[in-house]
Amino acid sequence: MLKSCSYCGRIHDSKKSCRQKRDAEQERWNKRKATKALAFRRTNAWKDKSMEVRKRQHYMCVCCTHNLEGTTNMLNTKDLSVHHIVPVEENYDLRLDNENLITVCNMHHEMCEAGKIGRGIQKQIAREFLEENDEHT
């Protein structure tokens, strides 16, 4: 499927990565490798918390359910991951904080990582789900 790329601005197959996107992903990876944050992502604590967050957010991308930019399916359950609003590398203490975690699809994860969806919006969405489930950190 042809889509406008948020990295290079060109239209190309959405299954292929342009040079700018690959470079951005590589830069993020280089910042993360060999850190305690990367080691944390391999722990059972993270795997358990990730599943808890997905379940709380009904196994759907919360950005899609809020119809944020780029949404094509408001009930998107495909290609999900749990995103740290404040990255683990930036504040290790927030790594398991419920208010710092949201479930997102690949596209919205990229947009969150790139800053195209602001942290304020992400935090607001996380708080909504916590209030809905009457939970706190």
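**Ground rules.** I number residues from 1 along each chain as its sequence is written, and I use heavy atoms for side-chain values, leaving out hydrogens and water. Because the model is predicted, local features need pLDDT of at least 70 and side-chain atom pairs count only at pLDDT 80 or more, while totals for chains, interfaces and linings use all residues.

**Entry 1: strand β4.** I took helices (H or I, at least four residues) and strands (E, at least two) as DSSP runs, numbered from the N terminus. I looked up β4 (101–105) and asked how many of its residues are buried. I found that 5 of the 5 are buried, so β4 is largely enclosed by the rest of the structure. Buried means under 20% relative accessible area, exposed over 50%, and partly exposed in between, with a 1.4 Å probe and protein chains only. Leu-101, Thr-103 and Cys-105 point one way from β4, and Ile-102 and Val-104 point the other way. In a regular strand the side chains alternate between the two faces of the sheet. I then noted that β3 (residues 80–84) runs antiparallel to β4, with 5 bridges joining them; two strands pair if DSSP finds at least two bridges between them. His-84 has Leu-101 as its bridge partner in β4.

**Entry 2: nonpolar cores.** A nonpolar core is a set of buried Ala, Val, Leu, Ile, Met, Phe, Trp, Tyr and Cys residues joined through side-chain atoms within 4.5 Å. The largest one has 16 residues, and Cys-63, Ile-102 and Val-104 are among those with the most contacts inside it. I see that α4 (62–65), β4, α5 (106–113) and α6 (119–132) each supply at least two of its residues. A second, separate core of 7 residues includes Leu-101 and Val-82.

**Entry 3: Gln-57.** I found Gln-57 in the loop between α3 (44–56) and α4. Is Gln-57 buried or exposed? Gln-57 is buried, with a relative accessible area of 1%. Not counting residues up to four places away in sequence, Gln-57 touches Val-62, Leu-101, Ile-102, Thr-103 and Phe-129; contact means heavy atoms within 4.5 Å.

**Entry 4: pocket lining.** The lining of the largest pocket takes its largest share, 4 residues, from α5.
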